[in-house]
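Here's a quick briefing to read with the model open beside you.

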Protein chains: 2
Amino acid sequence: MIERGLLIVLSGPSGVGKGTVRKAIFSKDDVDFEYSISMTTRKPREGEVDGVDYFFKSKEEFKSLIEKDKFIEWAEYVGNYYGTPVDYVEQCLSQGKDVFLEIEVQGALQVKNKFPEGVFIFLAPPSLSELKKRITTRGTETADLINNRMTVAKEEIEMMDAYDYVVENDEVDLACSRIQSIVVAEHCKRTRIREKYQRMLEVE
Amino acid sequence: MIERGLLIVLSGPSGVGKGTVRKAIFSKDDVDFEYSISMTTRKPREGEVDGVDYFFKSKEEFKSLIEKDKFIEWAEYVGNYYGTPVDYVEQCLSQGKDVFLEIEVQGALQVKNKFPEGVFIFLAPPSLSELKKRITTRGTETADLINNRMTVAKEEIEMMDAYDYVVENDEVDLACSRIQSIVVAEHCKRTRIREKYQRMLEVE
């Protein structure tokens, strides 16, 4: 009997560094999560690659997939669609593999409705002013958009209560290591292991 | 404001290797738990040092401390008393330090009554036959005592439900690393961190 894999959901306010942390995690040798690549209608930023960072799709294509119920979550965010295709996630979990999602807050809440057993990790800025600095120095946004993002971020921080864990992104390496520890700990949860031991006792 | 430390309780069946795992954890450079040394009336085994492995006391001394309410838990186990002195634990927690207890199952259940917020880790044998082998090869027990311990161990494994985590002691280094991960994850729990962020939002 294969034990079902863990669904690990990394989310957090815009600009907090979710993508950077996700990339750093998957560059490590000792990580064996499967990464579920999101789908989006926004334009690729410089350096982003289709099929690696996101599947970049037109709005028409995206809407068609929504109609076919092919997302475990999708959201409209700052005028674009983002979503997580369902097939790959279900396949991995049923094969006992841990699946890692890096998604926006709106989407994470939808995933929680469908997969309440998932491990929900909120990536948090060390402070809101630090968040502002990060968004500003990304250099691709207008002042209005930045202010808008700050307001959104404050609301999102208040959404922390929907999550199991909060990981501060003070240093990328530390954040990665905390996330890896959370996954190890979740695999050690008594609720997951009790059944296996119950079977062992019955065999003896 | 100092955040209160975590109380980490490592317990598990007799012979599973609690002491070995505890020693291995505290030999690591990157561990900063405080170790709460237990008190016992049993005789030191070969190599055990008073004030390092245990505080070894007479039954009269131990009973006097029970009367003065100086234990957060104590138990009689295979004809001897074991207990955790209260003062050191309380002092560390209030200073924000994590405290590590390695205790018998009976004691762990008492600690859980007094410190339900503690992190309760059950160290489990890879299998009961492996447990039997370990007890047999320790070479200091009679056959009756071994059989008695096996019965006790089966009961103790059924006590797993009182714990938050189950760590298999398949390899000492792996068990240590899982325990360290559990402590990191517990520090990231949303319930612990939410208040800090709430204060941050109010300041902004």
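A:Phe71 is buried, at 5% relative accessible area (buried means under 20%, exposed over 50% and partly exposed in between, with a 1.4 Å probe and protein chains only). This is a predicted model, where local features need pLDDT of at least 70 and side-chain atom pairs count only at pLDDT 80 or more, while totals for chains, interfaces and linings use all residues; side-chain values use heavy atoms, with hydrogens and water left out. Residues are numbered from 1 along each chain as its sequence is written, and chains are lettered from A and ligands numbered from 1 in the order in which they are written.

**Aromatic pairs**

- Over all chains, the structure holds 20 aromatic pairs (rings of Phe, Tyr and Trp, the last by its six-membered ring, with centres within 6.5 Å; planes under 30 degrees apart are stacked, over 60 edge-to-face and the rest tilted).
- A:Phe71 pairs with A:Phe62: the ring centres are 4.5 Å apart and the planes sit at 15°, so this pair counts as stacked.
- A:Phe62 is buried too, because its relative accessibility is 0%.
- Over in chain B, B:Phe122 and B:Tyr163 go edge-to-face, with 5.0 Å centre to centre and 70° between the planes.
- That pair links distant parts of the chain, 41 residues apart: B:Phe122 is in strand β8 (residues 119-124), and B:Tyr163 is in the loop between α6 (143-157) and β9 (165-168). Helices (H or I, at least four residues) and strands (E, at least two) are DSSP runs, numbered from the N terminus.
- Both B:Phe122 and B:Tyr163 are buried.
- Back in chain A, one aromatic cluster is made up of A:Phe26, A:Phe33, A:Tyr35 and A:Phe100.

**Lysines over rings**

- In chain A, the charged end of A:Lys112 sits over the ring of A:Phe120, 5.7 Å from the ring centre (the rule is NZ of Lys or CZ of Arg within 6 Å of the ring centre and within 35 degrees of the ring normal).
- In chain B, B:Lys112 has its charged end over the ring of B:Phe120, 5.8 Å from the centre.

**Around B:Ile8**

- B:Ile8 belongs to strand β1 (residues 7-11) of chain B, and with a relative accessible area of 0% it is buried.
- Leaving aside neighbours within four places in sequence, B:Ile8 has contacts that include B:Phe33, B:Asp98, B:Phe100, B:Ile121 and B:Val183 (contact means heavy atoms within 4.5 Å).
- B:Val183 is 175 residues from B:Ile8 along the chain, yet their C-alpha atoms are separated by 7.8 Å.

**Helix α3 of chain B**

- The buried residues of α3 (residues 86-94) are B:Val86, B:Val89, B:Cys92 and B:Leu93.
- Looking down the axis of α3(B), those buried residues fall within an arc of 145°, so they line one face of the helix; the arc is that of the directions from the helix axis to the C-beta atoms.
- They pack against β1, β2 (34-35), β5 (71-77), β6 (80-85) and β7 (99-102) of chain B.
- After α3(B) comes B:Gly96, with a positive phi near 85°.

**Chain A overall**

- Chain A has eight helices and nine strands, and 50% of its 204 residues count as buried.
- Of the contacts in chain A with a separation of 6 or more, 67% are between residues 24 or more positions apart.
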